[in-house]
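Dear colleague,

I am passing on the structure that we spoke about, and below it you will find some notes on what was found. Please read them with the structure open beside you.

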Amino acid sequence: MGIDPGLTRCGFGVVEGVPGRAPTLVDVGVARTPAELDVARRLVMVEVAVEEWVRTHRPEVVAVERVFAQHNVNTVMGTAQAAGVAMLVAARHGQPVVLHTPSEVKAAVTGSGRADKSQVGIMVARILKLDAPPKPADAADAVALAIAHVWRGPTLNRYAEAVAAHARPARPAGHARGTRVAR
């Protein structure tokens, strides 16, 4: 499941697939919150929507777009808060959560990390053999996140695990895990 977090519109996309094959679309949608409500109530609405999507689809992994700095601090704050809610709900259900940057997603789906929203939508439609991109763009972005994770997530996870393993200090001889050396 891909989630494009947002306070005004939170996109959801669920696909089934494996690396090397075109995924199939399971479901796509957007949860909206009214701008006139206070932020706390809007976050509750986002939580309810994420909860519904997670309970309905029981995804193997929840891929959330990593929030990046923008010039509009209010937009960044709302997006970050919605992303936190999405990650919390997924974790509460025991679902693994992964974060992908917008450029990672764009590169996975279009071949260019600098693609615009319309190019992402067009490629999502092409990959999934849809007549048109999911609307609004937040829905297409969520599906793109799900596709990117199916295609690139396992590779990125293996890379992160290898880097972490390499960074761990080596154990001195005679200090195997779970054993003690008498002194």
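**Notes on a helix and a buried arginine**

Helix H2 (residues 73-92) has 20 residues and spans 28 Å from its first C-alpha to its last, close to the 28 Å expected at 1.5 Å a residue, where the expected span is 1.5 Å times one less than the number of residues. Helices (H or I, at least four residues) and strands (E, at least two) are DSSP runs, numbered from the N terminus. This is a predicted model, in which local features need pLDDT of at least 70 and side-chain atom pairs count only at pLDDT 80 or more, while totals for chains, interfaces and linings use all residues. Residues are numbered from 1 along each chain as its sequence is written, and side-chain values use heavy atoms, with hydrogens and water left out.

Among the buried residues of H2 are Val-76, Ala-83 and Val-89, buried meaning under 20% relative accessible area with a 1.4 Å probe, protein chains only. The cover over the buried residues of H2 includes strand S1 (2-4), H1, strand S4 (62-65) and strand S5 (97-100). Just after H2, Gly-94 takes a positive phi of about 75°.

Arg-42, in helix H1 (residues 39-57), is buried yet has no salt bridge, and Glu-36, the nearest side chain of opposite charge, is 7.7 Å away; a salt bridge would need a side-chain nitrogen of Lys or Arg within 4 Å of a carboxyl oxygen of Asp or Glu. The residues that Arg-42 touches, not counting those up to four places away in sequence, include Pro-34 and Leu-37, contact meaning heavy atoms within 4.5 Å.

Notes:
Buried means under 20% relative accessible area, exposed over 50%, partly exposed in between (1.4 Å probe, protein chains only). Lys and Arg count as positive and Asp and Glu as negative; His and the chain ends are not counted.
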